[in-house]
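Here is a short report for a reader new to this structure. Look over the sequence and the model first, then read on.

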Amino acid sequence: MQETDNVTMEERSRPSFVLFVFLSKEREMRTDSDTKRSVRRPARSNVTYSNDRAPDHWLGEGPAVLLLHGFPELWYSWRHQIAGLAARGYRAIAPDLRGYGDTSAPSAAASYTVFHIVGDLIALLDALAIPQVYLVGHDWGALIAWNLCLFRPDRVKALVNLSVPFMPRNPAGKPTQHFRSFYGDDFYVCRFQEPGAIEAEFARIGTGKLLRIVLCNRNAGPLLLSEVDFEAEVALPSWLSEEDIDYFASKLDKSGFTGPVNYYRCLDLNWELGAPWSGVQIQVPVKFIIGDQDMTYHFPGIKEYIQGGGFKRDVPMLEEAVVMEGVAHFINQEKAPEITDHICDFIRRF
């Protein structure tokens, strides 16, 4: 799909991705400190991923694993999996998605449909001459991964998705209508819809403080913004450091939140444009993992959908659905070694 006419020529010409590629050689990761440095300063290729132009890149040997991050994150949320996958002989590819970090960020909300993002990823694979990948997604990255499998199953060997199950299109109404009916206008997805409003609120709070509150949230109930104490002091858990927060904040301060929030503003547009795929199943091998303290797990009907047969009906090649006890939403960071093991144990079958 083409971007809308109000996207500037400058936005069109800027790279859609900054690609982070890690060599699958154990000697590149001899110590913990060396690993952290290699993840923080990866080999990088700034690319305008067109179908007729391959990027300059330096890739290691091994099957490719494409890792898709969520909100409000970056490629960096996969830092542990990148190191672990590379050490086990895989080529880990973790791009910043459109609108995040060092990527281009069209201002128009309509430039962030799942069709745009999946198109970005297909162009990325084409530019890297990768016919098929193992795919891993979390949060919005999981939603994008489901749609990539829906639109282009030929490009995916197997999928490991975290936190967000496949949600087939409901012809009865738009997603924001359903969220409002369940939770009211203060639900975060609903509050995100007005252009500029939540960006101004985030600017008032400050990116670092916002990230501490969001990443450390363990309330499994609905996220109603008026009930969040944005002035509270939040102690970081063992799996998240001040350095991590600073890195996330530095990149999000640079790119701003309009691009990331625009994904939510396209929910209803995705629903409209997705009508031709109503009832289509996901036809790739799948493993799904979610924490029992994840807010998504407690959305109305989700537990029953995952455990009662609906999920398997819509994703017939679903091989495993794992519910991790005592784990919240940012599962790939909170339980990094376990998630890396889950990924590797599954994809090596295919």
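Is Glu320 buried, partly exposed or exposed? Its relative accessibility is 23%, so Glu320 counts as partly exposed. The cut-off for buried is under 20%. This value, like the others here, comes from a predicted model.

## Overall picture

The protein has 350 residues, and 57% of them count as buried. Its secondary structure consists of 16 helices and 8 strands. The accessible surface comes to about 14500 Å². Carbon and sulfur atoms hold 50% of that surface.

Take the contacts with a separation of 6 or more: 79% of them are between residues 24 or more positions apart.

## Two partners for Glu320

Glu320 forms a salt bridge with Lys287. The closest N and O atoms of this pair are 3.7 Å apart. Glu320 sits in strand 8 (residues 318-324) and Lys287 in strand 7 (residues 286-291), so the bridge ties together parts that are 33 residues apart in sequence. Lys287 has 3% relative accessibility, so Lys287 counts as buried.

Arg349 also forms a salt bridge with Glu320. Here the closest N and O atoms are 2.7 Å apart. Arg349 belongs to the segment after helix 16 (336-347), while Glu320 is in strand 8. The two residues are 29 residues apart, and the pair links distant parts of the chain. With a relative accessible area of 46%, Arg349 is partly exposed.

## A buried pair and a network

Which residue does Lys251 meet in a salt bridge? The partner is Asp102, at 2.9 Å from N to O. Lys251 lies in helix 10 (residues 242-255). Asp102 lies in the loop between strand 4 (91-93) and helix 4 (114-127). The pair therefore ties together parts that are 149 residues apart in sequence. Both Lys251 and Asp102 are buried.

The count for the structure comes to 21 salt bridges. Some of them share partners: Glu201, Arg204, Lys209 and Glu231 are joined in this way into one network.

## One face of helix 8

Helix 8 covers residues 197-205. Its buried residues are Ile198, Glu199, Phe202 and Ile205. Where do they fall around the helix? Seen down the axis of helix 8, they lie within an arc of 120 degrees, so they line one face. The general rule is that an α-helix has 3.6 residues a turn, so residues three or four places apart point the same way.

What does this buried set pack against? The buried residues of helix 8 pack against helix 7 (188-191), helix 9 (207-215) and helix 11 (258-265). Gly206 follows helix 8. The phi of Gly206 is positive, near 100 degrees.

## Cysteines

How many disulfides does the structure hold? The number is 0. Cys216 is buried, with a relative accessible area of 17%. Cys266 is buried too, with a relative accessible area of 1%.

Key. Residues numbered from 1 in each chain as written. Predicted model: local features only at pLDDT ≥ 70, side-chain atom pairs only at ≥ 80, totals over all residues. Heavy atoms only, no water. Salt bridge = Lys/Arg side-chain N within 4 Å of Asp/Glu carboxyl O. Helix = DSSP H or I, 4+ residues; strand = E, 2+ residues; numbered from the N terminus. Buried < 20%, exposed > 50% of the residue type's maximum accessible area, 1.4 Å probe, protein only. Disulfide = S-S within 2.5 Å. Arc of directions from axis to C-beta. Contact = heavy atoms within 4.5 Å. Areas by Shrake-Rupley, 256 points an atom, 1.4 Å probe, with all protein chains shown as cover.
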